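Here are my notes for you, as promised. Have the model open while you read, and take the points in any order you like.

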Amino acid sequence: MKYKAIPLVVILGSGVLVLTGQQPAPSGVFTSAQAEAGRLAYERTCGKCHTNTLMGRKGDPGELPPLSSLPASYQKFIGPRGFVAPLTGKVFIDRWGGKTAGQLIERFQETVDDPVLKFEGMNDETTVNITAYVLQVNGAKAGTEPLTRATGSIVGSITR
């Protein structure tokens, strides 16, 4: 009878070891307020080129908003191919998954600072908030710590 209990003890013991050996879920690296502010800023700026779905442009007819409806400076920035990289999905994660959230903010800042685009109402905080929104769309969860330019979390570790 004692010997029949041994496999049960072994199975239960292994389950405890597996559970204690798992990595905890990463905590949020931005606040929900940052992501919401980022969504609003994204829709009035970046979303015009990257689209409101964050899927970017392929230069296909019928993409919304139509390229021809964008300001001339945006059209010049996009160029004749009409391609704009996606900010969500596999292509985005393949490109940015191994980099830090701070590096992503830095890249977004380069676009914001481009003199051709002439974004209105953009500042350093807005760029950080837009990054929080992009991370959220890619599956990252909000938490209590605000996103900053020094955030060292790896994008792929906080997104789905």
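Is K118 buried or exposed? The first point takes that up, after a word on the source.

This is a predicted model, where local features need pLDDT of at least 70 and side-chain atom pairs count only at pLDDT 80 or more, while totals for chains, interfaces and linings use all residues. Residues are numbered from 1 along each chain as its sequence is written, and side-chain values use heavy atoms, leaving out hydrogens and water.

1. K118 counts as exposed, at 62% relative accessibility (exposed is over 50% relative accessible area, buried under 20%, partly exposed in between, with a 1.4 Å probe and protein chains only). K118 sits in the loop between helix 6 and helix 7 (helices are DSSP runs of H or I with at least four residues, strands are E runs of at least two, both numbered from the N terminus). Its phi is positive, about 55°, although K118 is not a glycine.

2. T51 also has a positive phi, near 70°, and is a residue other than glycine. T51 is found in the loop between helix 3 (47-50) and strand 1, and T51 is buried, with a relative accessible area of 6%. For background, most residues other than glycine have a negative phi, and most peptide bonds are trans.

3. P65 belongs to the loop between strand 1 (57-58) and helix 4 (72-78).

4. Now the helix pair. Helix 6 (residues 101-112) packs on helix 7 (residues 124-137) at about 125°, with the axes 9 Å apart (axes are lines fitted to C-alpha atoms over the stretch in contact, and angles run from 0 to 180 degrees between N-to-C directions). That makes the two helices oblique (under 35 degrees is roughly parallel, over 145 roughly antiparallel, 65 to 115 roughly perpendicular, and the rest oblique). The residues that meet include L104, I105 and F108 from helix 6 and V128, T131 and L135 from helix 7 (contact means heavy atoms within 4.5 Å).

5. N129 is in helix 7 too, and N129 is buried at 9% relative accessible area. Leaving aside residues up to four places away in sequence, N129 touches Q34, A35, A37 and G38.

6. Finally, the cysteines: the count is zero disulfides (a disulfide is a pair of cysteine sulfur atoms within 2.5 Å). The sulfur of C46 lies 8.3 Å from its closest cysteine sulfur, in C49, which is too far for a bond. C46 is buried at 15% relative accessible area, and C49 is buried at 9%.
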